[in-house]
Amino acid sequence: MEKIVILTGAGISAESGLGTFRDEGGLWAQHRIEDVATPEGFARNPALVHAFYNARRVQAAKAKPNDAHIALARLQRDWPGEVVIVTQNVDSLHEAGGAENVVHMHGLLAGALCASCGHRWTSPPEMAVAEPCPACAAPTARPDVVWFGEMPYYMDAIYDHLAGAAFFASIGTSGQVYPAAAFVHEARLSGAQTIELNLDPSDGASVFDQVILGPATETVPRWVDGLLGSH
Ligand code: APR
C-alpha cells in the first residue's frame, strides 16, 4: 500500500499559538540565531540560551494541538499504508494530537542532553545553567535540540522513508533550511507525488506537483479527507 511521508515545520503549530521563525515578528526577528541556536552561542552564554528554550518549553507545554495536527493523526490511523511524520518542530503537538511514528529531526524541547557524556533525559520545565547531568554529574546539560551547524537526527531513516514514498507532503515550512528543504527532491527522485500546504508559497514551491495555500487548520483536514475519500 502506498506510503506517505510528511514534513512539517513551524507553520503547522502557528495556530496553536507557537511562534514561527521567519514570519513577520517571528523568533528570528526577536533573537539572533548565533546567540541562541548555535553551539558557540551556548558556550558563550548558556544562561541566554537556556532562557530562550525555557520560555519556548513553557509555552509549548501549554499549547494545544490544532486541527492540522489532529488530521495528520487521523490519516495515520485510517490510511492503509504507512504514514511517517518527519518534523522540524521541537514541540510535541503531533504526539499530543494523537500521532505516532513522528521523527523529530531537530530534537525536542522536552529533551535534555549532556554535552559531556551524551546522556539524554526528560528536561525539567525550566533548565538551569550548569544543570548537573543525572549520569555523569557534569554541569553541561543543554536542550536536546539540533542547533545550526549540527547534524539533524535520524537522517538515514528519513532518506529511507523518502526512497519509499508514494506521496510527499510539506506542511508549514518555508523551505529555507537544509537538509529538510531538499526532501522534496529526494521524494521526486523516488517517483512520489509531491504537495505543499502552506500559508504562503515556500522557497521550493515551484518544485511541488501541487501547492495549496491557506492556514493549516483549513487545508490539512481537507487534504486528509480527500486522500481518505479516494481510498
Ligand atoms: N498555516 C500554514 N502555514 C503557515 C501558517 C499557518 N497558519 N503560519 C505560517 N505558515 C508558514 C509560513 O508561510 C512559512 O512558510 O510556515 C512557514 C514557517 O517558516 P519558518 O518560520 O521558516 O519555520 P520552519 O520552516 O519550520 O523553519 C525550519 O529553521 O530556524 C530553524 O530549526 C529551526 O526547525 C526550524 C527550521
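Tutor: Happy to! Let's start with His-161, which lies in helix 8 (residues 155-163). Helices here are DSSP runs of H or I with at least four residues, strands are runs of E with at least two, and both are numbered from the N terminus. This is a predicted model, in which local features need pLDDT of at least 70 and side-chain atom pairs count only at pLDDT 80 or more, while totals for chains, interfaces and linings use all residues. Residues are numbered from 1 along each chain as its sequence is written, and side-chain values use heavy atoms, with hydrogens and water left out.

Is His-161 buried or exposed? His-161 has a relative accessible area of 14%, so it is buried. Buried means under 20% relative accessible area, exposed means over 50%, and partly exposed is in between, with a 1.4 Å probe and protein chains only. Which residues does His-161 touch? Not counting residues up to four places away in sequence, they are Lys-3, Val-5, Glu-82 and Val-84. Contact here means heavy atoms within 4.5 Å.

Now compare that with Gly-11, in helix 1 (residues 11-14). Gly-11 counts as partly exposed because its relative accessible area is 23%. Beyond its neighbours within four places in sequence, Gly-11 is in contact with Thr-20, Gly-172 and Ala-216. Gly-11 and Val-184 are 173 residues apart in sequence, and their C-alpha atoms are 17 Å apart in space.

Let's step back to the whole chain. The protein chain has 10 helices and nine strands, and buried residues make up 51% of its 231 residues. Take the contacts between residues at least 6 apart in sequence: 64% of them join residues at least 24 apart. The C-alpha trace spans about 55 × 35 × 30 Å along its principal axes. For 231 residues, a compact globule would have a radius of gyration near 17 Å, and the chain's 18 Å agrees with that. That radius is taken over C-alpha atoms, and the globule rule is 2.2 Å times the number of residues to the power 0.38.

The chain is divided into domain 1 (3-18 + 65-106 + 152-229) and domain 2 (20-62 + 109-145), with bounds from an automatic or database domain assignment. Taken over C-alpha atoms, the centres of domain 1 and domain 2 are separated by 25 Å. Where the domains meet, 12 residues of domain 1 are in contact with 11 residues of domain 2.

Finally, some backbone details. Most residues other than glycine have a negative phi, and most peptide bonds are trans. Asn-101, in the loop between helix 7 (93-96) and strand 3 (102-104), has a positive phi near 50 degrees. Ala-130 also has a positive phi, of about 60 degrees, although it is not a glycine. You will find Ala-130 in the loop between strand 5 (120-122) and strand 6 (141-145). Asn-101 is partly exposed at 37% relative accessibility, and Ala-130 is partly exposed at 41%. As for the peptide bonds, a cis one joins Tyr-178 and Pro-179, with omega about 5 degrees. Pro-179 sits in the loop between strand 7 (167-171) and helix 9 (183-189).
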